[in-house]
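Thanks for asking me to look this one over. Here are my notes, point by point, to read with the structure open.

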Amino acid sequence: VIVITSAAALFPVVHNILPDFEENNIAIGYPISHTPVYSLADFLGRLLDRADRDAYFIPDYLRLAFHPYVKNALYKNSPELTRILFQTLQEYFLERMAKYVTLHEIEEGEEFLRHALGKLAHYSDYSKVTAADLTAQLKAIHNAVIRPFEQIKNIGDFSTKLLNLVSFVSGSTTAARHPYWKDFSGRFLELLDGISGCRLAGAAFAARSSYFRFFGQAITGAVYPFEGAPVKGLQVLGLLETRGIKFKRVYFLDANADALNVSGKEDAVLSDFMRGLLGLPGCREREAERKYHFETLLGGAQRAHLFYRDNSKSEKSPFVEKLLFRLESAGADTAKENRVFFDLTFKNKEPAAIPKNPWIMGRLAGMPFSPSALNHYLACPLRFYYIRVLGLQELEEVTEDISRASIGNIVHKALELYFL
């Protein structure tokens, strides 16, 4: 059995270990807050939180636009046009000093649409696309993803709008082709249905972002259950799912304090003190429960392998420390602690020489050599070739603050206009 205590370890196990086993079984709950469908709602909440009336903070807008369920919105059964559209939009924003933009400015921006059409002209499938087509595609996305949440009546209305958003993503993007979309979105809709039918459905908040924070708190602890049926082959279980079952070989992942032990953080609704008054288990009781299941699992195994990180940011669980201490006190030599290091090499292969064909010689002959160009060549001739000859540039991102490179470009341009 492979025991997982951290949700982050589940999919690495699924993709790297399970393919080698014909018979396997997963029985563990995966947090909904870790799923892409939840991150879509989270990005949308951040966008609305920092909006200035009908204008949106550009980095927040781009974060939402490049979410896999947004950038892959279909245009004639293909997401390619939408990806090109948002990539062009990011490049367009890099040339602007403004930090906020309205949806109307994006949909009707003549300069931006002209740049997008220029890029699409190189694609035979989109050579006949018009500015009106691009505007219609952007409006369809905005009308489904952002505009419905600009006015929210109450919690019930918010739940309905999220449900409609999930329906749009399912039918108008490539999300349905993604692994686990049906499972995660189905569980997400179940939670929405529960919220819309609760007594708080008629309650309203003053700020739009409050609805998203309420939703995040409401689904804290909610999981999608990977419900396994077979009991043979490789088992992938959470710690609590191992209750009452004995295994010959146990592989315990993330036996670290931050994953295995109770963190000590109080419940968002009930403090430990209130939980005690109500007869509910607190941190101490939950810690004791985990310790019991941990020791019972290892006590019934013929061979156990515990994996943990040991660095400045993470340490082995106190459960493991106590186990090692008891084994050493008993004089047992069965506990072997081996350190595992990643065998990485950062040595680069010598790049092949670039042939000096007539096209390259022509580019070099007509090229002005600035100090920065000469620095590129002296530091790395291949970098000089990529940047100066081929014209390739690193992808820039719109950040919340003005970058040093942008400030430098502004100063250089100001000096050029003043002195020349």
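1. Start with Lys 76, which sits in the loop between α4 (68–71) and α5 (80–94). Bear in mind that this is a predicted model. The phi of Lys 76 comes out near 55 degrees, a positive value in a residue other than glycine. Lys 76 is also exposed, since its relative accessible area is 71%, and the cut-off for that is over 50%.

2. Tyr 180 is another one to check by eye. Its phi is near 70 degrees, again positive in a residue other than glycine. You'll find Tyr 180 in the loop between α9 and α10. With a relative accessible area of 25%, Tyr 180 counts as partly exposed.

3. How do α9 and α10 pack? Helix α9 (residues 155–172) and helix α10 (residues 181–196) have axes 9 Å apart, at an angle of about 165 degrees. That angle makes α9 roughly antiparallel to α10, because anything over 145 degrees counts as such. The crossing of α9 past α10 is left-handed.

4. As for who touches whom here, the α9 side brings Ile 155, Ser 159, Leu 162, Leu 163, Val 166, Val 169 and Ser 170. Facing them in α10 are Trp 181, Ser 185, Phe 188, Leu 189, Leu 192, Ile 195 and Ser 196. Sorted by class, the contact between α9 and α10 has 10 nonpolar residues, four polar ones and no charged ones.

5. Beyond its neighbours up to four places away in sequence, Ile 155 touches Ile 195, Leu 200, Ala 201, Ala 203, Phe 205, Tyr 211 and Phe 214. For a sense of distance, Ile 155 and Ala 176 are 21 residues apart in sequence and 27 Å apart in space, C-alpha to C-alpha.

6. From α2, the contact uses Tyr 38, Ala 41, Leu 44, Gly 45, Leu 48 and Asp 49, and from α11 it uses Arg 208, Ser 209, Phe 212, Arg 213, Phe 215 and Gly 216. By class that gives six nonpolar, three polar and three charged residues.

7. Which residues of α3 are buried? They are Ile 58, Pro 59, Asp 60, Tyr 61, Leu 62, Leu 64 and Ala 65. That is seven of the eight residues of α3 (residues 58–65), so the helix is largely enclosed by the rest of the structure.

8. His 142 lies in helix α8 (residues 131–145) and is buried at 1% relative accessibility. Outside the four places either way in sequence, His 142 touches Tyr 61, Leu 103, Ile 106, Glu 107, Arg 147 and Pro 148.

9. Last, Lys 316, in the loop between β8 (303–306) and α15 (318–329). Is Lys 316 buried or exposed? Buried, because its relative accessible area is 13%. Among the residues in contact with Lys 316 are Asp 310, Glu 321 and Glu 337.

Definitions and conventions. Residues numbered from 1 in each chain as written. Predicted model: local features only at pLDDT ≥ 70, side-chain atom pairs only at ≥ 80, totals over all residues. Heavy atoms only, no water. Axes fitted to C-alpha atoms, helices over the stretch in contact; angles between N-to-C directions. Helix = DSSP H or I, 4+ residues; strand = E, 2+ residues; numbered from the N terminus. Parallel < 35°, antiparallel > 145°, perpendicular 65-115°, else oblique. Left-handed = near helix turned anticlockwise from the far one by under 90°. Contact = heavy atoms within 4.5 Å. Nonpolar A, V, L, I, M, F, W, Y, C, P; charged D, E, K, R; others polar. Buried < 20%, exposed > 50% of the residue type's maximum accessible area, 1.4 Å probe, protein only.
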